[in-house]
Amino acid sequence: MKRMPGIVSGVVLTAILAGAVGSSTHAQTKSVLLSVELPDSPTAGARLFAQKSCVRCHSLGGGEPRVGPDLGRILFSGTVLDLAGAFWNHAPAMREKMQDLRIQPPTMTSGEMADIIALLTAYRYYITELGGPGSPSAGRAVFASKGCVHCHSVNGNAWEQPGPNLRRYRGRFSAIFLAQAMWNHGPEMASAMQGLGLKWPKFTGREMGDLVAYLQAGNGGSSEERVYFEPGSPRRGRQLFSDKRCLACHAIAGKGGRGGPDLGTRPRELVGSVASIAGLMWNHSQGMTAEFRRRGIPRVTFSGQEMADIIGYLYFVNYANVRGTPARGAQIFVDKCSTCHSIGSGKGIGPDLGGVPRLDDPIAIIAAMWNHSAKMEEELRKRGLPWPRLESGEAADLTAFLLSRRDTSAARPTTGASR
Ligand code: HEC
Ligand code: HEC
Ligand code: HEC
Ligand code: HEC
């Protein structure tokens, strides 16, 4: 079930379309939180990717070249709505190719759109290589400089070392697996380090990704036979986040405990790869362990799948917590949509966007735009107007604006407006 996005409380926008655009700096800068439902499983979109014919023109990370770009190789920057916006921006080109290939353009419910977007983002976060592949040789240097080499070997050599041989992580190994093992064994490693007078090493930038690449490859080996975990379920992760008592010390976007930092408002740090999130947890694990002790909370461990779910949750909750500025959206609406659409007055070539049922969350709006893109394109052509592209941040601003107007000017359906 979709919740109504909890937006626009206190933001008065009624006057904006009536010519007040740009007149109030306060309203210009005031942003609202758009809530996008957490996906249950990013892989649910895989089925749709085939069903909706995307697979006929796009591959997802490898495979033979197709008409459209490999969507597993594009690093979609920005938020979940920027990705939806990219889909919209390319609609005319895609439709043209669909016509050539006699593919019936698929229509999409907002739930389907959300699942497909989740699939595409899952690629971004599982495949660290997107930002540039992890480098085994750089990872080897990391392994030495962080002191792992004092206690672990990665070869078959039976060195007398305090820590277990890490050979078993070669190849069949994922960043999640390493994150989980490092987390679970943290306290023992800490005391071994203390014994040797070593400091708890911290990871920055790409170091964790490189370390993963090194352990996967072993000394000079190849990283061919990689096995990834089942992608985490952000929704299950949300449950674990409370079951494992993370919520006792961490808030998510303002809701939850104190003592640790808010983990729901960190798009810059937490919308990275699995390895970078794992690196953050490792970096802070000493501080956390101390806080666990202070409060008498038993330290928790994770199974691999649980770690995948938690990381999936932290990733998505930041990716999907999008802020939009309705006042900026109003300007976009004026510039790109108002030739054909009105809100509330009932006029226009296109439907009055205040009255269309079910446009009650940002993804639903983009899905509806896609579903009606053929007719919109025709009307644009007739008028010699360009396709109304949505640049970075604009999909969020525009949908924030449309939703705010619905709250004030439209009778929205009470229930059943679901995916
Ligand atoms: C008939 C072929 C075809 C089909 C079917 C198709 N696409 Fe595309 N898609 C393309 C082409 C070609 C482009 C590049 C268009 C351009 O250059 O503007 C593209 C671009 C995209 C982009 C933008 C990539 C970027 O560079 O930002 C996304 C996202 C996308 N497609 C998603 C999908 C999804 C999801 C589906 C299934 C619902 C789908 N496509 C179905 C051909 C297709
Ligand atoms: C001072 C010694 C020491 C250092 C330095 C050290 N570890 Fe460990 N590590 C250990 C010990 C001891 C264990 C086994 C802990 C246990 O049994 O719970 C371990 C366990 C592990 C495990 C789990 C192994 C398994 O087979 O389950 C991984 C993975 C690991 N370490 C990775 C690392 C990495 C990566 C580094 C460098 C950032 C590192 N360790 C630094 C001592 C160390
Ligand atoms: C007892 C309190 C406590 C609990 C419970 C706790 N944390 Fe923390 N967490 C902290 C503190 C304190 C920090 C900051 C530590 C530091 O600065 O070194 C932190 C930092 C973090 C960070 C790094 C954030 C950043 O600012 O970069 C992550 C990620 C994290 N915790 C995840 C978790 C997860 C997942 C759980 C549940 C398994 C959890 N924490 C449970 C107290 C806690
Ligand atoms: C050139 C005219 C034109 C422009 C510009 C235009 N639209 Fe449309 N739009 C239409 C028409 C016509 C329809 C009805 C299409 C149909 O019936 O299939 C439509 C339908 C829609 C729908 C679907 C409504 C429903 O019934 O579900 C949405 C949402 C929408 N437009 C949003 C936008 C937004 C947002 C913009 C600006 C970025 C925009 N449109 C720009 C003409 C336009």
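**Asking about the ligand sites**

Guide: Helix 15 gives the shell around ligand 3 four residues, the largest share. This is a predicted model, in which local features need pLDDT of at least 70, side-chain atom pairs need 80 or more, and totals for chains, interfaces and linings use all residues. Residues are numbered from 1 along each chain as written, chains are lettered from A and ligands numbered from 1 in written order, and side-chain values use heavy atoms without hydrogens or water.

Visitor: What makes a residue part of the surroundings of ligand 3, and which ones are closest?

Guide: A residue is near a molecule if one of its heavy atoms lies within 4 Å of it. There are 19 such residues around ligand 3, and C246, C249, H250, H284 and M288 are the closest. Helix 14 (274-283) and helix 15 each supply at least two residues of this shell; a helix is a DSSP run of H or I with at least four residues, and a strand a run of E with at least two, both numbered from the N terminus.

Visitor: Which atoms hold the iron of ligand 3, and how do you know that they are donors?

Guide: H250 (NE2) and M288 (SD) coordinate the iron at 2.0 to 2.2 Å. Donors are N, O and S atoms within 2.8 Å of the metal (3.2 Å for Na, K and Ca), so these two qualify.

Visitor: Why is the arrangement around this iron called octahedral?

Guide: Six donors count as octahedral if opposite ones are over 155 degrees apart and all others between 65 and 115. Here the six donor atoms subtend angles of 87 to 177 degrees, which makes the arrangement octahedral. H250 lies in the loop between helix 12 (234-243) and strand 2 (251-252), and M288 in helix 15 (residues 285-295), so the pair ties together parts that are 38 residues apart in sequence.

Visitor: What angles are found at the iron of ligand 2?

Guide: Its six donor atoms subtend 88 to 178 degrees, which makes this arrangement octahedral too. The iron is coordinated by H152 (NE2) and M189 (SD), at 2.0 to 2.2 Å. H152 is in the loop between helix 8 (148-151) and helix 9 (175-184) and M189 in helix 10 (residues 186-196), so the pair links parts that are 37 residues apart in sequence.

Visitor: How do you know that H341 makes a polar contact with ligand 4?

Guide: A polar contact is a pair of N or O atoms within 3.5 Å. An N or O atom in the side chain of H341 is 2.8 Å from a nitrogen atom of ligand 4, so the pair counts.

Visitor: Which residues come nearest to ligand 1?

Guide: Of the 21 residues around ligand 1, they are C54, C57, H58, H90 and M94. By class, this shell has 16 nonpolar, four polar and one charged residues; Ala, Val, Leu, Ile, Met, Phe, Trp, Tyr, Cys and Pro count as nonpolar, Asp, Glu, Lys and Arg as charged, and the others as polar.

Terms used
A polar contact is a pair of N or O atoms within 3.5 Å; within protein, one must be able to donate a hydrogen and the other to accept it, and residues adjacent in sequence count only if both atoms are side-chain atoms. Four donors count as tetrahedral if all angles lie between 85 and 135 degrees; four count as square planar and six as octahedral if opposite donors are over 155 degrees apart and all others between 65 and 115; anything else is irregular.
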